[in-house]
Structure formats: C-alpha cells, structure tokens
There are 2 protein chains.
Amino acid sequence: MSTTRRIGTETSQTRTALLDATERLMLEEGYAAVTSRRVAARAGLKPQLVHYYFRTMDDLFLAAYRRRAEQGLERLDQALEAPQPLWAMWDLSRDPRRTALTMEFVALANHRKPIRAEIAASAERYRAAVRAGVDTVLERYGVDRRRYPAIVCTVMMMGVAQILVIEEESLGMATGHGETVAFVEQRLTEIEGSRQAAADALASA
Amino acid sequence: MSTTRRIGTETSQTRTALLDATERLMLEEGYAAVTSRRVAARAGLKPQLVHYYFRTMDDLFLAAYRRRAEQGLERLDQALEAPQPLWAMWDLSRDPRRTALTMEFVALANHRKPIRAEIAASAERYRAAVRAGVDTVLERYGVDRRRYPAIVCTVMMMGVAQILVIEEESLGMATGHGETVAFVEQRLTEIEGSRQAAADALASA
DNA sequence: GTCTATACTTCGATAGAC
DNA sequence: GTCTATCGAAGTATAGAC
C-alpha cells in the first residue's frame, strides 16, 4: 500500500525499447510469451525495468496497444482518402503484421477483463470509422446500399481479410485463399475499377 | 533419460476429467491459463497427475485437440447429410463454443511449433471435406461453380461465421453482425430456400 | 496401474540504492 | 529520474511410494 511508488517518464528511450520488444514478442511467440523477464531480455535490459516503466503487465499491454491503435486510425484515414479507397482498405486489412498483432491483442482481451474493455471500445471506434468511409465511397459509386449496406461490406471485407491472415500466419494454411482473394478482388474491380498500383505506404511496417 | 517412465491408461476416468478441465479452462480463460496446477485444480486432482497421464503440457493439448477434431468431422458429416446442407453448415460454423475453442487452438498453434503441425494438418482435412460437400451441394442446386467456386463459398462462409464469433466472444462486440448475418442468410435462402427449422443436433454442446 | 514427494525454473512485483 | 537486490508464488517435470 505504499502510495509513493514512482514510475518512468513517457518520453524515455528505455520505455520505447520495452514497447518495441513487447510487440516483437507478441508477433513472434504470442502474448503469452510476454513476461517481464523476456521483454527485458529482448530489449537488453533488466526485468525490473518493466515494472518501473509500466508497473503491471497489463499496463504494458495497454501502452503497447494504444500506440498501435492510434497508428491504425491514421492509416485508415489515409486509405479512405486514396484514389481507390476500397482497394486501399482491402490492402490495409490484408497487412499480415498489423492483423497478426491485432488478433494477438484480441486473444489477450479474451481473458484479461481490464484490457478487454479498452480494446473493445477501440475496435468499435475503428469499425464506425470504416463504415462511415465505406458508406461515402459506395454512395459516390452509386452502389445500391439497401441491397449492399456499407456495414455489411465492411464486416465481410475486413473479416475475410483477417481470417486469411490468421490461417496463413498461425497455421501456414492457404488452401482456397488464392481463389477467395481473386473473388473479392473481382467484386472490387466491378465497383472501383481495376487496381491502379501505387500502394506505397504499406511497405513500411 | 530414464526410458522406463510409465503413463496412465487412455480409458481412465481421471484422464477424461483432466481433458474436460483443460477444455473448460481454454474456453473461459484462454490457452495460457492451462497450466498443470490449474487444470488439476479444476478437476479436483493433484497437479502431478497431469504429467502422469500426459507427460508434457503439449501432449495434453494435443489429446484435447484430437478429441474435438474427431467430433468436428462427425458433425460436419451430419450437416452435409441434412436436408439443407448449406444452412446446417452455416449453423455449425456459428456455434460459439466450437469456434471459440478452435480459435484458442489456432492461437496456441501459432507459437507452439510441435502442435502447429498437427492442427494445420487437421484443418486442411476439414476444409477439404467441407469443400467437397459444398461442391456436391452447389452442383445439385445448379449453381454456376465457375462464377461461385465451392472453395470460395467455403472459405467465405466459414470465415465470416468465425470472425463474428471471435468478435462477440472475445470483445463482446456485435456492431454490424445482425446485418451481416441477414445478408448471408438471404444468399442462403436464394440458393437453398428459406430455413426449415429443426436444427436439433446443435443444442448439445 | 495410480498417485505423491520433491527438484528446479521462471514468474510478477516491491522496496530501496544510486 | 533511473535502475537493482530480492521475495514469495506459480510453473514444468521426474523419481519413486503405494
């Protein structure tokens, strides 16, 4: 109950190094591999520093998540402003690193209640933003949104993209993926025209 | 290196109790919560019994997985023989307990290489079986399988069903789910007629 | 065939030194 | 403001008693 315990600065390089290490560990070995000792080892630091900068492991996870969630919304805005927003969103949803990390956080949220609340809220915000963007785009293209509601397009497009990534990354399974991608991209082509290349911004992880 | 170490019988009630406890733990708290101590506690047994019946934790996971995988193939066969196979498969894929458990195993496979191989092989087998079944059904209904290949229908239908369950179970998020389910079920109705009720076999978990 | 006593490792977290 | 020494709890796994 010693209320005087202190905590490190948000701008510390050490802190950033710990967040980076956390992310790498989650991607390579899953959230369960994120222990104070292993995070520290990855960053070349002492385990106790994790507790100095983040106090509890949940705080560490939340800090790592917030960093990515913020970046995710930025990328989404970029995609929605691209010349071909649907293609850009499709490509964004298929980014393996991004999706793998997201799914790792979802799995984490599944059994850590304090984290769940924040991730769920963030996911709702993201979905609402996508839906709004897709709705505008579909209207511009003259798509019948009674028959193809923006929210349905959003959930299905992002859902399929995510499942493909999960299967590929987690199981190394890709049976039927090529055909499914081709199918979705035919629909995209019908609506938005064929892909115009120039998807640069995605390369930078 | 003592090669003489013994192991419990496959028919032991204790063994079954441990497998049941493992499954419950995975569902309620995720695979990371499956430790020899906690599994044993759930089953009202001593932790060392886990190692007697399964030797390593990976063996425990694999045994738990095999039990469900077998059952999954049986359920699939039943669905494919139902009067409305597509509806039956859709319902099967949307079973929350089943899907949640599957995703937990996938997450586990993602960072335990020895387990990954077996789960991936099993997933491939399952997908092939679904694809074959769907192909037969689509042919019977006279669907143009050049335009709507069975493998694409399979991946999309099951993928969407899974993503919805994940979002609901892991995050408690359901935004857009109702609309998406309605959309898919409209397509099902177009192909297979409206749902004829009588999906009994699904109630038993 | 079934279970327990026990060894050894790794975990999260705090109090306190620099 | 930054980091380390250290504790108590929990983890996997084995050898051996019943």
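**Note on the DNA strand D surface and the domains of chain A**

1. The protein surface near DNA strand D is made up of five nonpolar, nine polar and six charged residues. The model is predicted. Of the atoms of DNA strand D that come within 4 Å of the protein, 42% belong to sugar and phosphate.

2. A polar side-chain atom of B:Arg37 is placed 2.4 Å from a base nitrogen of DNA strand D, and one of B:His51 is placed 3.1 Å from a base nitrogen. B:Met57 uses a polar backbone atom, which lies 3.1 Å from a phosphate oxygen of DNA strand D.

3. H3(A) supplies the largest share, four residues.

4. Chain A has two assigned domains, domain 1 (1-55) and domain 2 (64-203). Their C-alpha centres are 29 Å apart. Nine residues of domain 1 and 11 residues of domain 2 take part in the contact.

5. The two domains of chain A bury about 1,000 Å² between them, with carbon and sulfur atoms giving 65% of that area. Three salt bridges are found across the interface, as are four residue pairs in polar contact. On the domain 1 side, the touching residues are four nonpolar, three polar and two charged.

6. A:Arg67 and A:Asp20 form a salt bridge, with their closest N and O atoms 2.9 Å apart.

Definitions and conventions:
Residues are numbered from 1 along each chain as its sequence is written. Chains are lettered from A and ligands numbered from 1 in the order in which they are written. This is a predicted model: local features need pLDDT of at least 70, side-chain atom pairs count only at pLDDT 80 or more; totals for chains, interfaces and linings use all residues. Side-chain values use heavy atoms; hydrogens and water are left out. A residue is near a molecule or strand if one of its heavy atoms lies within 4 Å of it. A polar contact is a pair of N or O atoms within 3.5 Å; within protein, one must be able to donate a hydrogen and the other to accept it, and residues adjacent in sequence count only if both atoms are side-chain atoms. Helices (H or I, at least four residues) and strands (E, at least two) are DSSP runs, numbered from the N terminus. Ala, Val, Leu, Ile, Met, Phe, Trp, Tyr, Cys and Pro count as nonpolar, Asp, Glu, Lys and Arg as charged, and the others, Gly among them, as polar. Domain bounds come from an automatic or database domain assignment. Contact means heavy atoms within 4.5 Å. Buried area is the accessible area (1.4 Å probe) that two parts lose on being put together, summed over both. A salt bridge is a side-chain nitrogen of Lys or Arg within 4 Å of a carboxyl oxygen of Asp or Glu.
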